[in-house]
Amino acid sequence: MIKRLLINVLLVLCLLPAAAQTINKPKLDSLMDAIAAHQQAMGSLAIAQNGTLIYQKAIGQAALQNGQPIPANTGTKYRIGSVTKMFTAAMIFQLIGENKLSLATRLSAYFPQVPNASKITIGMMLAHRSGIHNFTSDPLYQTYWTKPQTQTGMLAIIEAQKSDFEPDTKAEYSNTNFVLLGYIVEKLRGMTYADALKRYVTSKVGLTDTYYGGKISPANNEAESFSYKRGWTLKPETDMSIPGGAGAIVSTPADLAKFLDALFAGKLISAQSLGSMKTIRDGYGMAMFPMPFYERTGYGHTGGIDCFTSVVSYFPDEKLAVAWCSNGSVYSTNNILIGGLSIYFNKPYMIPTFQTIKLSPAELDRYVGTYSSTQLALKITFTRQDTTLMAQATGQPAFALTATAPDTFEFRPAGIVITFDPANISFVLRQGGQSFNFTRDK
C-alpha cells in the first residue's frame with residue numbers, strides 16, 4: 001500500500017552467491033543491535049530453513065502506553081501492507097483449484113461497473129495487467145484513508161476512476177486489483193475476507209498470529225507505527241476497512257516465514273498454481289516479485305502501510321524463508337534484507353556504522369547542479385538548504401541527503417549511496433548492487 005520511494009527503477013535486490021553455512025547468530029544480532037542503537041529502524045526479523053525457525057530478533061519499541069515505550073518482542077504483530085496480496089492470491093488459486101474460478105474469468109462477472117471489466121481477467125488482476133487505476137495514488141485517497149469505508153463506498157470510488165491503460169498491454173502496480181480480488185473471495189466463499197483467511201489459510205497451516213487487522217491494539221501486542229525526526233513520533237493509522245485484500249493483514253515475521261514455507265511446499269495451492277504465481281512478465285508475477293541473489297532467485301513481496309514496512313522472500317532451492325517487519329524505519333528495508341541474507345550465506349559483510357559528518361555550506365556548494373546519466377533516462381538536481389544537501393530526481397520530490405564521509409552521501413530509506421568526484425564534476429549512484437554514473441550538465 002505504501003507509495004514507492006525515490007527512483008523506483010533502481011530498487012533491485014542483488015546479493016552475493018554462496019552456499020548455506022551454519023548461521024552466524026552473533027553477527028545477525030550485531031546487525032540488529034547496530035540498527036537499533038542508531039535508531040535506524042524498529043521491527044523484527046525471522047529466518048527459517050526447511051520449515052524450521054533458525055533465527056528471530058525484535059528491536060525497538062512496539063507501541064506507546066501512557067507516553068512510555070513498550071519494547072517489541074518476537075511475538076509483536078505488525079501490519080504487513082502489500083504482503084497481504086500473497087495471501088489473497090493463495091485464496092484465489094484455491095478457488096481456481098475448486099473450479100469456482102479461472103484465470104480467464106472476466107471481472108464483469110462480479111463487478112461489471114468497473115471500467116473495462118469485460119476485458120479484464122482474474123489473471124490480469126493478479127499480475128497487475130488490468131489497467132485499473134490505483135486508488136491509493138489518487139488525491140481523493142488522502143481525504144478518507146483514516147475513516148471507515150463500506151464495500152459499497154469503495155466500489156463507488158473504484159468505479160468512478162478511469163482506466164490507466166488498455167488491459168494486458170503492460171503491467172503497472174495497482175492496489176485496486178487486490179481489493180477487488182478480496183471482494184471476489186468474499187462473494188465466492190459466502191463469508192468475510194477475515195473468516196476466509198482464517199478458514200482457508202491460517203488454520204490450515206497453523207498461523208496463530210496472522211489475521212485481518214482492525215484498530216491497533218497494543219494490549220494485544222500489536223505494533224503502532226512511527227516516523228523518525230529527532231526521535232520516534234507516533235503516526236495516524238489507516239482504517240482497515242479500506243485496504244482489504246490488498247493490505248489489511250496483521251502478522252509476525254515467524255508466521256510469514258511459515259506461510260512462505262507452506263505456500264512453496266504445496267500445502268495451500270497446487271504446484272501448477274504456484275508456477276503461475278512465479279511466472280514473471282514485465283517484472284511482475286502473480287502477487288510475487290523475483291528477488292535475484294546472483295545465480296539464485298527468491299520470490300516474495302514488499303509491503304508498506306502508514307509507517308509500517310515489510311519484506312518476505314523465499315529461495316526454493318535452499319528452502320529458505322526470510323521475513324522482516326518494521327513499524328518505523330530510516331535505514332532501507334532492502335538493505336536490512338541484504339544484510340541478513342549476506343550473513344546467513346556467510347559472505348563478507350561489514351556491519352554498518354551509520355556514521356555522519358558535518359560539511360560547511362562552501363563544501364556542499366561544490367556538489368550543487370544538475371547531473372545526467374547515459375544509463376538512466378532521468379536527471380538529478382542537487383541544491384543546498386543551509387547545511388543540508390538536497391537531491392531531486394526528474395518528476396519526484398526533493399529529499400535530504402546525509403553526509404557519511406568526504407564526497408559521500410546516503411539516502412538510507414531507499415538504500416542509495418552517492419559518491420562525488422568533484423575534480424571530474426561527476427558522481428556514482430549505488431543502489432541495490434548496481435552502479436550508475438552521472439556527469440554535471442554544462
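Ile305 sits across from Phe308, a residue of strand β12, in what is a predicted model, where local features need pLDDT of at least 70, side-chain atom pairs count only at pLDDT 80 or more, and totals for chains, interfaces and linings use all residues. Numbering starts from 1 along each chain as its sequence is written, and side-chain values use heavy atoms, with hydrogens and water left out.

Strands β11 (residues 296-305) and β12 (residues 308-315) run antiparallel and are joined by 7 bridges. Here strands are DSSP runs of E with at least two residues, helices are runs of H or I with at least four residues, and both are numbered from the N terminus; two strands pair if DSSP finds at least two bridges between them. The hairpin they make has 2 residues between the strands, and in it Asp306 takes a positive phi near 55°. Of the 10 residues in β11, 8 are buried, so the rest of the structure largely encloses this strand. Buried means under 20% relative accessible area, exposed means over 50%, and partly exposed lies in between (1.4 Å probe, protein chains only).

Nine strands form an open sheet in the order β17-β16-β15-β14-β22-β21-β20-β19-β18, with antiparallel pairing. Its edge strands, β17 (399-400) and β18 (402-405), each pair on one side only. Within the sheet, β20 (residues 416-421) and β21 (residues 426-431) pair in the antiparallel sense over 6 bridges, and Val417 stands opposite Arg430 in β21.

As for the chain overall, it has 10 helices and 22 strands. Its radius of gyration, taken over C-alpha atoms, is 22 Å, close to the 22 Å that the globule rule gives for 442 residues, so the chain is as compact as a globular protein of that length; the rule is 2.2 Å times the number of residues to the power 0.38. The C-alpha atoms fill a box of roughly 65 × 50 × 45 Å along the principal axes, and 53% of the 442 residues count as buried. With contact meaning heavy atoms within 4.5 Å, 65% of the contacts between residues at least 6 apart in sequence join residues at least 24 apart.
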